[in-house]
Amino acid sequence: MDETEIQSITNMTLSDLEALCISMGEPVYRAKQMLFWIYDKGATAFGQMSNLSKNFQKQIAGQYQVFQTKVSTITQTAYGTEKYLIHLPDENVIECVLLREGKKITACVSTQVGCAMACQFCASGLLGMERDLTTSEIVEQALHIKSHLLPEERLTNIVFMGIGEPLMNYDNVIRAVRIMNAEWGLGIGARHITISTVGVIDGIRRLAHEGLQVNLAISLHAPNDIIRSEIIPSNKKTGIKNLVATAREYFEITRRDISFEYLLIEGVNASKHDAESLTRLLKGLQCNINVLPVNPVEEFHRRPPSQETIETFCSTLEKHGLVVTLRKKKGSHINAACGQLRLQRENISGRKLYGKAKNILLNTWVIL
Ligand code: SF4
């Protein structure tokens, strides 16, 4: 935990804040009052917390802040999807996305500035990794989205599918999950929180023992090592069989179904033969497969297959008893394919694609 993070209340758990209140000579119940202001009432400054004494407001504001981040831009789409650009204290910029599906309101949050994994279909990995996000910077993405909802709406789901590999920023992600899940925090049920990974073996193993009922989604995207290592470089080290074996271990420990995400890319991983190989790989594992045609990203020249190819792929999996869901591309109307908003913004400002602003990126495949 760095010095910057310690100064933000959105990094704190109830017991952290209780300890702080006691150390500042305040009754312990002040902690719950403050958390209620932040997570239920949307307060962004101590001065808005009207049941705190003016003296305490001044004292705590001298040492801590409520929020570290600010919303810079919100881009909307006809489907009700909204893309938020968030400014971080060190001038980096990240993205998060609000998705609406009837009463299901989901915040898709980022976990790193940039990404080191360099997947060959994702703009988030284009420029490499800058740093991990702090717990506050993760939690505040959901809070910003919550504060912009319509009065009749309620934030119901969180997916860790934005910029970055969540399990490479393990401690901050798990702390953020606990704050999002807590009754005194955002109050989102663990079963409505999904952590998506490209396959960090140690992280999956640690997660299995956290006692959290969150959903695990593994970005598989291929039926064998040859294809997977081509589009996900980290697979060369991990190996697809090792990854699926770890998924089996995870299920044995948690008894929670796993979702496998599978982006269909024309000419790469979308043939009937690929579907048959995939059924052999996942044989006997209780799981769901979320299939999504790839979003075109200019830099990679990856294209989605034809409708006929998509249907053949899905029906082949189903014939072998796998549970398949074909997802829609919800982000395309706001250029939510990875990095496209970043590229537009760079063009507008005339800045180069380097420096602090380079990390306005998002892996928004919108797999929900
Ligand atoms: S798909 Fe995920 S892990 Fe891969 S480069 Fe993009 S953000 Fe990183």
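## His 301

His 301 is exposed, because its relative accessibility is 65% and the cut-off for exposed is over 50%. The model behind this value is predicted. His 301 sits in a loop. That loop runs between strand β11 (287-293) and helix α12 (307-319).

Phe 121 is 180 residues away from His 301 in sequence. In space, their C-alpha atoms are 8.6 Å apart.

Side chains of opposite charge can pair when their charged atoms come close. The whole structure holds 13 salt bridges.

One of them joins Asp 16 and Arg 175, with N and O 2.5 Å apart. Asp 16 belongs to helix α2 (residues 14-23), and Arg 175 to helix α6 (residues 170-181), so the pair ties together parts that are 159 residues apart in sequence. Asp 16 is partly exposed, at 30% relative accessibility. Arg 175 is also partly exposed, with a relative accessible area of 22%.

## Other charged pairs

Glu 101 and Lys 104 form a salt bridge. Their closest N and O atoms are 3.8 Å apart. Glu 101 counts as partly exposed at 34% relative accessibility. Lys 104 counts as partly exposed at 31%.

Arg 255 pairs with Glu 252 in another salt bridge. Here the closest N and O atoms are 3.1 Å apart. Both residues, Arg 255 and Glu 252, are exposed.

## A linked network

Salt bridges can also be followed through a network. Glu 82, Arg 100 and Glu 153 are linked in this way.

Conventions. Residues are numbered from 1 along each chain as its sequence is written. This is a predicted model: local features need pLDDT of at least 70, side-chain atom pairs count only at pLDDT 80 or more; totals for chains, interfaces and linings use all residues. Side-chain values use heavy atoms; hydrogens and water are left out. Helices (H or I, at least four residues) and strands (E, at least two) are DSSP runs, numbered from the N terminus. Buried means under 20% relative accessible area, exposed over 50%, partly exposed in between (1.4 Å probe, protein chains only). A salt bridge is a side-chain nitrogen of Lys or Arg within 4 Å of a carboxyl oxygen of Asp or Glu.
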